[in-house]
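Here is a friendly walk through one model, in questions and answers. Take a look at it first, and then we can start with its pocket.

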Amino acid sequence: WGFCTLLSRMSYIKVKELRSTASNNKEALMKQLTELKKELSQLRVAKQVNAAPSKICKIGLIRKNIARVLTVLNQTERENLRKFYSDKKVSKATPKSLKPKLTKKRRLALKANEKSRKTRHQIRLAAKFPKRVFAVKI
């Protein structure tokens with residue numbers, strides 16, 4: 001295990017670097033992702049052929065790097081979508097995946113204007129029988 005951990009510390013991709021490339025262009029990240037996937041498939045073939053342990057140890061590292069790239073891609077995509085749907089005109093059509101999770105109770109709770117609304121029957125009753133006000137004289 002010591003050898004594998006030493007190798008893994010050598011060449012893992014830093015998320016900071018990925019974010020800086022993601023802000024510039026998405027194609028660079030996609031290209032990097034395809035390269036990593038190719039390398040992973042080659043390493044898996046090498047594993048079947050009983051290659052050197054140094055190659056086999058790199059599999060975990062490559063998988064983590066692929067996960068990092070995918071995470072940065074997804075996060076940037078979601079940020080861009082949030083910016084697009086933050087406009088007031090389009091806010092009604094916001095996809096479910098971008099809405100806040102909250103709890104089921106809070107999601108289904110009535111909004112402020114829905115709480116204050118009254119039915120026609122409630123309005124008529126309030127008009128016919130107003131709330132009584134009692135004044136106590138001392």
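Q: Which residues line the largest pocket?
A: This is a predicted model, where local features need pLDDT of at least 70 and side-chain atom pairs count only at pLDDT 80 or more, while totals for chains, interfaces and linings use all residues. Residues are numbered from 1 along each chain as its sequence is written, and side-chain values use heavy atoms, leaving out hydrogens and water. A pocket is an open set of points on a 1 Å grid over the protein atoms alone, where a 1.4 Å probe fits, with protein on both sides within 12 Å along at least five of seven lines; lining residues have an atom within 4 Å of a point. The lining is made of Lys96, Lys99, Pro100, Lys101, Leu102, Arg106, Arg107 and Lys111.

Q: How many residues of that lining are charged?
A: Asp, Glu, Lys and Arg count as charged. Beside two nonpolar residues and no polar ones, the charged residues in the lining number six.

Q: Is threonine 94 buried or exposed?
A: Threonine 94 sits in the loop between H4 and helix H5 (104-108). Buried means under 20% relative accessible area and exposed over 50%, with partly exposed in between (1.4 Å probe, protein chains only). Threonine 94 has 17% relative accessibility, so it counts as buried.

Q: Which residues does isoleucine 66 touch, not counting those up to four places away in sequence?
A: Contact means heavy atoms within 4.5 Å. With that cut-off, the partners of isoleucine 66 are Leu33, Leu36, Lys37 and Leu40.

Methods. Helices (H or I, at least four residues) and strands (E, at least two) are DSSP runs, numbered from the N terminus.
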